[in-house]
Structure formats: structure tokens, C-alpha cells
Amino acid sequence: MTRDEILERISTIIKRICKREEVNPDDSILDDLDMESIEVFVMLGQVEMEYGAVIPVWYLRKIDTVDDLVQAVETLAGGPLVRESYEA
């Protein structure tokens with residue numbers, strides 16, 4: 001799975017939760033998307049289920065933007081190809 005595909009899937013999750021039509025990689029999850037804390041945790045739970053990545057609470061300090069979340073998934077899920085190995 002490419003970085004763009006991960007971004008697309010994460011953007012879809014965020015759009016559904018926030019009821020937004022557009023999400024950009026440089027959008028701040030809290031500031032630009034106006035997500036409440038419960039929405040953030042719902043989103044993280046869905047992302048973790050989607051990619052098999054566990055995002056520890058301490059790691060959340062590193063995640064500000066949508067792109068930061070994409071990078072976290074790549075890092076914590078073992079890289080951009082990890083999902084393909086699950087699908088095989």
C-alpha cells in the first residue's frame with residue numbers, strides 16, 4: 001500500500017467522523033478540523049483497526065496534522081507495505 005493510499009483511507013475516516021467534504025494532509029487534527037477529544041479517539045481506534053497499528057498515547061504528542069498520522073501509521077504498522085501482507 002502506498003503512502004497516498006494510506007492518506008486516502010485515513011482522510012475517508014476523518015471525513016466520516018467530522019462530516020467534512022475535504023481533508024488535506026496539512027490540516028491540523030485539532031485546530032483545522034475542530035475535532036473533539038472523543039472524535040480523535042474514535043478516529044484513532046478506526047485507524048488502528050484498519051492498519052493493525054497500535055498508536056500509544058505517548059506517541060500522540062507527535063501527531064498534529066493528518067500527514068503526521070499517516071507517518072505514524074507507516075512507522076508503527078511496520079511500513080507502507082504491511083497491509084498488503086495481511087491481504088495476501
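Buried means under 20% relative accessible area, exposed over 50%, and partly exposed in between (1.4 Å probe, protein chains only). Keep those words at hand for this tour.

The model is predicted: local features need pLDDT of at least 70, side-chain atom pairs count only at pLDDT 80 or more, and totals for chains, interfaces and linings use all residues. Residues are numbered from 1 along each chain as its sequence is written, and side-chain values use heavy atoms, with hydrogens and water left out.

**Stop one: Asp-26.** Select Asp-26, in the loop between helix H1 (3–18) and helix H2 (37–51). Helices are DSSP runs (H or I, at least four residues), numbered from the N terminus. Asp-26 is exposed, at 58% relative accessible area.

**Stop two: the salt bridges.** The structure holds 3 of them. A salt bridge puts a side-chain nitrogen of Lys or Arg within 4 Å of a carboxyl oxygen of Asp or Glu.

Select Arg-3 and Asp-67. Their side chains meet in a salt bridge, 2.7 Å from N to O. Asp-67 lies in helix H3 (residues 66–76) and Arg-3 in helix H1, so the pair ties together parts 64 residues apart in sequence. Asp-67 is partly exposed at 27%, and Arg-3 is partly exposed at 31%.

Glu-74 is buried, at 16%.

**Last stop: Arg-9 and Glu-50.** They form a salt bridge, with the closest N and O atoms 2.7 Å apart. Arg-9 sits in helix H1 and Glu-50 in helix H2, 41 residues apart.

Key
Helix = DSSP H or I, 4+ residues; strand = E, 2+ residues; numbered from the N terminus.
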